Amino acid sequence: MLSQSFYLLGDAPASAKTIAADENASLDDLKDLIASHFAIVVADGVGFTRGDDALSNVKEILSSEEAIAISVDGHAVRAVPGPKGLPYIGNFFEVFPDHLGNHQRLFEKYGPVFQTTNMGGTIYHSNDPDIAAIAFAESDFFTKKITESHPLYGIKTPEAGVFLGDTDTPEWKVTHKFLPPALGPRAVRHYAPTMQKTIESAYKVFDELDSIGQSWNVYIYMLKLGSQAVAKLTLGMDMEHFAHKDAPVHEMVHLIAETLHLNKKVTSYGSWYANLPFGDPKLLRTKKARMEVLVEEQIAKAQSGGVEDLPLQEAAERAANMVDYAVRATDNRGEKLPKTSLREALVVATGAGFTTTSSLLSWLIYGLVTYPGVQEKLLQELVDNDFSDDMEITAEFTDKLVYLDRFIKETQRRHNPSFQPGRTAKADLILPGGYKVPKDTVIIPALHHIHNNPALWDNPAKFDPDRWDTPEVKNRHKAAYIPFAAGPRMCIGFNFALQEIKIFLPKLIYRYNFVKDGDETIEYDPMFQLIRPNNLPRSAISVSARTSQSVEPSHNITDTGNYAPLRGHMQALSPSYASRAHTSHAPAPVAFGAINTLHDDTHTRLDSERQRDLDEEQSGAELSFAARGQGNSNSGTPFYTGEQPGVTSLIDVREPLPRHIMLKPNPPSVIPQVDHDFLQRKGALSPLLMYSHQEVLRAYFHHVHPMLPILHLSKLQEFELPNAITPHGMLLYWSMAVVAVNFVPSDVWKAESFTSRKHMKDTMYNRAKCMYDNSGETDKEALLQAALLLSFWHSERDSHSQPWYWSGVAINWCQIIGLHRDPDAARVNPLVSPQRRDLWRQLWASCLVRDRWLSLTLGRPLRIRLSDCDMPFPILKDVLNDLDTLPARLRDLYVPKDLSVMVKHWVLLIQLSRILGDILSLFYQQLGKQPTLSQFDTLESELNAFVVPASLSAHPSPLASFSYYHLQLHLQATLITFYRPFVSTVPEGLSSGAEESWMARVRSRMESAATQSNGILDCIAREGLVSFATPTTPPLLVPAMHVHLLGCKSDNRLTRRLAFNKLEMCMTVMRELQKTHTSASIFCGVFGEAIRQLMPGPLDETIWGVTQIRRPSTAETMAPGNTQAANSDDFSPQPIVTDDILESLLNETSTYNFWESMNMPDQSFIDYKRC
Ligand code: HEM
């Protein structure tokens, strides 16, 4: 024995294995040995190479100093190739709807084995008969194991044993022992008379259709015929499908179809769902129970005459049907098929039997009307074999119908119903050609593509029954034609199917002339598990009865292939149809997405309109697929299917499905080079210096996160190192920076070479915006987070419209993902992970808060209608749940110690914002009704009940103190907003005479709230917390300032003076805020201007601190290099107020329309004058 190192060519030599081999062994023995070590399925293909040399001498191989590389069929070992595919949907759109055509294209592109992914599952396909034979063999390499990627996974039914169960199960073994004898050739022969009666019983209906000249839908009638025949054989059941022409499809056919559908749905949700006592699981149990009753009835019927135990074969040949057979059949150990297996197996066999045969019958009729001359030849053959309608058709007779046999074979070659029998790899292995196949891979020997492989079939697209008489076809590869699959798991019903067809077709052809009505091209159904005609409802067949004497026997049929012309009532094929027959088309790309449709002379001519329809159907199907829980992942890209009457809500047929589903996660797409270069040039891909980065991150998590918790704290890990942030992560990074820069020390913007904080903020915004527009980000949550953050950015250039714009974008994203709806409304939605659910609540609440306060400040309509929403509001634990998992290092550096206190304030703010929304929609609606006293009372009691706990922390940090004062400011602003409309008007329902005292009470509360605001500002200023103010702080001062401004109009000097004092205090703080927050500039400018109008003439400098409000022109503000206003870290006493802003404020119906206040009716002046 010699030891040698061997490795697979294509793998690294370092992976070599040392294998001991006999130096005297033959080359074949060595190949076998190596094949067994490397799981190479066919040892014959093993080759040995060293460098460029191929070695065939065993001694030389074993004594080589260098490790020996192993090739397979002359190839290096390689991964199976395949198209790249899109995130989540994979190659779905590249394959569907014309999966036959597109798989053919992929075979042409990638060779005999390729892989595709579809909705997360990967499948290998092969059109190689060698590989098909290996896969079907049920060996050490492959078996039928229905895993998640297997095409039958959705309807897997282990109890059935056959068809829908795995080979390696006791159920399959026992069922597979009992069932096949009942469908063997001898058993099937004795069913011939029953089959004959079945077709004869259908005459009545076809005759009627002929007599009234009505076209009929081939598939529906073939479905009736196929199921009638199969149910008679399997269940002994007469479905009475031909009692009259409109006879309904039998309950059992519906039950089978429905249970298959429900089963697919229920199994895909997991076992917890299957056990639910309601909904689909219940419906499935009801349907199954009903089927059991029907099958039990048949079993009881079979047993009623007394049952004689018989050996399997004898039972098979004597039984009236399969139920009858099963109750009698006894194996040599005296055992019978267990009743549970019997029930399921019979149902599955019935389903497998009728769906396939009805499709094949439809394609056969399609062939009759499509391929010129075929119908005539078949008829001629019958005549030549002395067929008569009243004769008994036997196997001996059908054996003589050679052309019929070829016609059936050629139809099954071109249009076989089954196309994707899957087998699963039992181990990591290497297929012929050197393809690596990992364990558990599902491979599909693609029946249609094997049957149409040009390497195996001459001119495969041509429908040519006569090819079956050629030596090439007679000597074909054993797996070149496998319509019923092959190996132990091949079809057990093929004898039955072929016999049925060979009885039905002659009877039909002899009696009727088939003509296709209309010239619509027939397409196959791309979404069915079988190839069946799709559009037959729009393309029907009519029959006309033949007269038996219309056809004369011919001579030399098989010799010459010239058939005598038929006479009588044969109708000509419609010219348009005939002209299309036999035209072969080259594969042509269709101009829709990635779909290419392979046109051939039979299956598909999907015109562009139809193609588009199918695309849309496909996306619908995809959503439906995901909504039904396929894939069952909770880590994908969120998608919200929408509500009634939205189109996607139709997915919901019987009971509500989850509206929130997860599409497969989008792998981070690569930013195209041109965009990458652009972003690079804009600086959007280069993070800040480490020092600035840490300060920005700290500022974000200390000042922004507690009042806008829209990120998981775990983001800190992702963002810890600036250079480790992915290109896509930069969108969120810059968006966070836009807000965080408000709070960083000034050496940060200096270190980054910005001329001011504002300059840095502008740049952060520009980078975020560049990323938003050019990075191709598809993560909707990230886009939403970015939009929310960008809504805190103001720019004078566009009249401060950015907050409204971006908050609208954020709300749109919310509604696109469906964050306004509770994903668990009906039941816990397993597709949404608990973590994600927490984040969604936070995102949603943040949008709501933003919406309410922006609407108040800007006097714009509310964009969120809470009556459409049921997303629960977040609670403290939602925000803090990942705090413990954060490394201590990051917690200490970035998380404020009083985070929980601040978050409690935020949770209260949500509650307050909800009340504010009610106030705005009830009292400020421009076209709304006059508010009533009871509405006023309800809201007032809600506001009275809203209490900000005095201290949520024993020794609050400055941050927590600010957060407390901030919430208080929100409360006072809400109170003023609430009372303000009633200073000049009373609600409906107030008793007359009470108006004056009521309004006085309201005014006093409003003024008290305004005064409280000043008190709070005083605390903020005294405790040195002004620098903690956020971009939302300046607007909170406005309601109080407005009240003070009204006080400035008082006739009473003292009142006026006090109001001026209070207003001045607010203005002082506002000017302080103006250093950092641009929005404060607007308020300074506007209030200054209002006062100037109110008090024309020289102002008392001691009161206003400014002698003249300067109003720079727009051009001046926008002039490049104008850093005076921008350099807001240095106090600029001039409020920045452009003509634009003033004008827009003058023209807008703002809640705080100061000019309206100036022109308030005299009554209000009088009130103030009285004070
Ligand atoms: C044109 C007609 C038919 C075609 C093309 C066809 C095709 C096939 C194919 C390809 C398979 C293998 C499926 C796989 O490996 O996943 C199969 C299995 C099977 N077929 Fe058919 N079939 C036909 C008719 C019938 C009929 C009439 C019956 C019963 C009355 C039947 C009963 C079955 C059963 C029980 C299996 C599962 C065998 C097992 O799991 O071991 N088939 N058929």
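Guide: We take a helix pair, then a cavity. This is a predicted model, where local features need pLDDT of at least 70, side-chain atom pairs count only at pLDDT 80 or more, and totals for chains, interfaces and linings use all residues. Residues are numbered from 1 along each chain as its sequence is written, and side-chain values use heavy atoms, with hydrogens and water left out.

Visitor: How are two packed helices described?

Guide: By the angle between their axes and the distance between the axes. Here the axes of α9 (residues 218-234) and α15 (residues 339-370) come within 8 Å and cross at roughly 140 degrees. Axes are lines fitted to C-alpha atoms over the stretch in contact, with angles from 0 to 180 degrees between N-to-C directions. Helices are DSSP runs (H or I, at least four residues), numbered from the N terminus.

Visitor: Which residues make the contact of α9 and α15?

Guide: Contact means heavy atoms within 4.5 Å. On α9 the residues include M222, G226 and V230, and on α15 they include A349, G353 and T357. By class, this contact of α9 with α15 has 12 nonpolar, 9 polar and no charged residues. Ala, Val, Leu, Ile, Met, Phe, Trp, Tyr, Cys and Pro count as nonpolar, Asp, Glu, Lys and Arg as charged, and the others, Gly among them, as polar.

Visitor: What is a cavity?

Guide: On a 1 Å grid over the protein atoms alone, it is a set of points where a 1.4 Å probe fits but cannot get out; lining residues have an atom within 4 Å of a point.

Visitor: Which helix gives the most to the lining of the second largest cavity?

Guide: α30 does, with 3 residues. The lining of this cavity includes K758, W793 and H1077, and its residues divide into 3 nonpolar, 4 polar and 3 charged.

Methods:
On a 1 Å grid over the protein atoms alone, a cavity is a set of points where a 1.4 Å probe fits but cannot get out, and a pocket is an open set with protein on both sides within 12 Å along at least five of seven lines; lining residues have an atom within 4 Å of a point. Helices (H or I, at least four residues) and strands (E, at least two) are DSSP runs, numbered from the N terminus.
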